[in-house]
Amino acid sequence: INAEYMGVTKMADAFEAFLSATSLETLIQTCPSLRIVDTRTPDEFASEHIPGATNVRECFEYLIPNTLPDGIANLEQHFSNIFSQRGISNSPDEVVVTYEDGMSSGFAQSCRAYFLLKYLGHNRVFVLDGGFHAWKRAGHPVTAECLPIAPAQFRLDIRKHMICPRTEIQQVIAGNSDWVLLDDRDRDEWTGASSSPYGIDYTPRKGRIPGARWIEWYEYMMRDADGVWFMKTKPEIQALLQAHGITPDQKIICYCFKGSRASHTFLCLQECGFTNIRNYFGSWNEWSRDFALPIDDRKL
């Protein structure tokens with residue numbers, strides 16, 4: 001993003017894709033092509049939101065049918081239509097900022113929106129660090145007014161390499177690939193106590209994809225004295241990854257339940273200099289429902 005839009009000078013160890021509430025306020029004042037995407041529920045949005053935002057709950061609720069070619073094509077068409085309806089065009093000067101309620105409470109839904117926009121080809125996408133909690137805590141304005149949206153035509157430029165199909169996960173398990181699986185689900189899902197955030201038995205099987213490593217997604221964040229969750233600094237996240245044997249020379253496939261928390265981890269890895277990263281967007285919701293696919297169902 002151009003410096004004149006930022007109005008701030010970032011430190012060398014700061015994340016480029018996460019914006020502070022102050023930086024977003026500056027963008028609102030200075031960037032006429034700004035689009036703000038609110039991923040919260042429609043009721044939450046109707047109650048209060050950042051002025052100028054549009055509600056795109058589908059960024060969180062959508063479940064990809066599968067990660068075979070037809071399922072991925074479904075995702076591409078679905079969100080091309082959704083973003084077009086919400087006035088997002090992917091024009092060269094357009095900037096999009098996504099946000100959720102709080103960074104720890106919405107399963108990284110703003111990062112899922114970020115990932116979807118980047119996958120479809122958008123170049124200038126950012127996430128509000130600290131979410132709506134940070135925005136309100138900083139004293140910035142909110143509104144309940146819902147302004148009309150002029151539809152646009154989203155310009156697709158698909159980045160196929162960002163989504164990992166399940167067929168490639170099978171190659172990893174078979175030992176025919178040098179990619180590393182990184183599970184970032186909540187502890188109860190990793191240990192096999194629960195199948196998903198939606199309930200213990202939401203999917204028919206509990207456990208892990210065989211051979212996966214695990215870093216719980218909360219570990220990339222910290223909570224301040226007011227209880228607002230923010231990203232840790234880049235050096236802190238680099239140290240966390242190093243401690244778990246995850247290094248930038250590796251090829252990493254992130255997965256969670258439906259590609260949301262995995263989008264958060266994808267973003268963190270990207271900001272820490274990893275260049276070979278993919279998101280298994282079907283994640284446990286797809287994998288656990290196909291009994292032909294192996295799992296590690298030991299209770300940890």
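Predicted model: local features only at pLDDT ≥ 70, side-chain atom pairs only at ≥ 80, totals over all residues.
I started with C164: its relative accessible area is 0%, so I have it down as buried.

My cut-off was 2.5 Å between sulfurs, and the disulfide count came to 0.

Then I went to the sheet. It is open, has 5 strands in the order β1-β5-β4-β2-β3, and the pairing is parallel. β1 (18-19) and β3 (53-55) sit at the edges with a single partner strand each, so one side of each has no neighbour in the sheet. I checked β4 (residues 95-99) against β5 and found 3 parallel bridges; V97 has F126 of β5 as its bridge partner.

Which helices lie across these strands? I found α2 (residues 21-30) across β1, β2 (34-38), β4 and β5, at about 135 degrees to β2. I also found α6 lying across β1, β4 and β5, at about 180 degrees to β5.

Last, the largest nonpolar core. It holds 52 residues, and L75, F79, F83, Y220, L241 and L269 touch the most other members. Among the elements that each supply at least two residues are α5 (69-85), β5 (125-128) and α11 (261-271). The largest share, 7 residues, comes from α6. I listed contacts for F83, leaving out residues up to four places away in sequence: V56, C59, I88, L116, L117, L120 and F154.

Note on methods:
Residues numbered from 1 in each chain as written. Heavy atoms only, no water. Core = buried A, V, L, I, M, F, W, Y, C linked by side-chain atoms within 4.5 Å. Buried < 20%, exposed > 50% of the residue type's maximum accessible area, 1.4 Å probe, protein only. Helix = DSSP H or I, 4+ residues; strand = E, 2+ residues; numbered from the N terminus. Contact = heavy atoms within 4.5 Å. Pairing = 2+ DSSP bridges. Axes fitted to C-alpha atoms, helices over the stretch in contact; angles between N-to-C directions.
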